[in-house]
Amino acid sequence: MASDNGGAVGGGCEPELSESLRTFGAVLKALREEAGLTQEQFAPLVRYSPAYIAKIEQGKRFPPRELLKRSDEVLGAVAARVLEAAAKSLTRKAGLASWFRQWAGIEEEAISLYAYECRAVPGLLQPEPYIRAVFDRRLPPVTEEQLDRAVAARLDRQQIIVQRPNTAFSFIIEQAVLERRLGGSQVTKAVVDHLLAMSRLRNVEIQLMPLRQEDHCGVDGHMYLAETPDHRWLGYTEGQRSSNLISAPKDVSVLLQRYGKLRSQAHDCRATVSLLEQMRGAL
């Protein structure tokens with residue numbers, strides 16, 4: 001989820017702004033203002049939040065296809081064609097930054113969001129001390145300004161959990177990720193406390209995968225899955241300085257099958273809370 005570390009997960013950074021995204025954002029802003037609409041007025045008309053529209057106009061989010069379709073109804077056919085033309089210029093490199101921008105937008109619209117992590121605590125569940133520990137250990141090293149920017153970006157992304165109470169979030173995390181104690185015992189305490197707090201939310205399920213699980217079906221690595229408002233499923237994975245958005249139905253079906261099996265192999269939510277409490281007491 002997102003993935004984080006990159007966007008979804010343990011080691012990426014919020015991408016730098018690209019010129020093509022900045023250009024698209026500037027075009028959207030100009031067309032919106034020409035229509036006499038503020039962000040607060042425009043956002044509900046296209047069924048997004050003002051904060052999300054602001055990020056698109058700033059070039060920080062990859063615009064979803066639905067925005068282009070809905071803009072036709074609000075801004076008119078000519079404006080919609082201008083936006084469509086601007087969208088064609090968007091850079092879609094195969095690297096992390098471009099793919100993660102797109103996944104971040106998918107995250108913000110999703111009605112179901114699943115994550116299996118075997119590398120790090122999912123980005124959407126990382127407390128600030130853990131985020132700092134992750135980015136502080138990146139190579140090549142980052143500056144203090146870059147670290148602060150990355151922390152702020154990730155904390156901002158995490159707001160979707162409370163801002164979208166009707167979205168179902170499911171997280172499966174390898175117990176070994178916590179046993180590693182990245183950043184030390186105090187950071188791990190902050191992680192465990194945060195996971196316990198998040199597990200009390202009605203729309204969040206957290207499961208730990210036991211250290212020993214002979215039938216483990218997650219040997220191919222982590223995965224992220226999102227259900228869109230029109231009930232399509234998309235997948236997302238990350239590697240060393242690379243990432244992949246998975247949209248082919250047959251490939252997404254494989255991930256969904258594996259995720260369902262992982263859910264049955266992990267501790268259930270109540271057992272996970274008990275285990276987290278035991279781990280907290282041992283720190």
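The largest nonpolar core has 36 residues, and Trp-103, Leu-125, Ile-161 and Phe-171 touch the most other members. A nonpolar core here is a set of buried Ala, Val, Leu, Ile, Met, Phe, Trp, Tyr and Cys residues joined through side-chain atoms within 4.5 Å. Buried means under 20% relative accessible area, exposed over 50%, and partly exposed in between, with a 1.4 Å probe and protein chains only. Helix α11, residues 185-199, gives the largest share of this core, 6 residues. Helices (H or I, at least four residues) and strands (E, at least two) are DSSP runs, numbered from the N terminus. A second, separate core of 18 residues includes Leu-31, Tyr-48, Ala-79 and Ala-87.

The model is predicted: local features need pLDDT of at least 70, side-chain atom pairs count only at pLDDT 80 or more, and totals for chains, interfaces and linings use all residues. Residues are numbered from 1 along each chain as its sequence is written, and side-chain values use heavy atoms, leaving out hydrogens and water.

I turn now to the salt bridges. The whole structure holds 12 of them, each being a side-chain nitrogen of Lys or Arg within 4 Å of a carboxyl oxygen of Asp or Glu. In one, the closest N and O atoms of Asp-193 and Arg-280 are 2.7 Å apart. This pair links distant parts of the chain, with Asp-193 in helix α11 and Arg-280 in helix α13 (residues 269-282), 87 residues apart.

Arg-119 pairs with Glu-117 at 3.0 Å between the closest N and O atoms. Glu-117 is buried at 0% relative accessibility, whereas Arg-119 is partly exposed at 29%.
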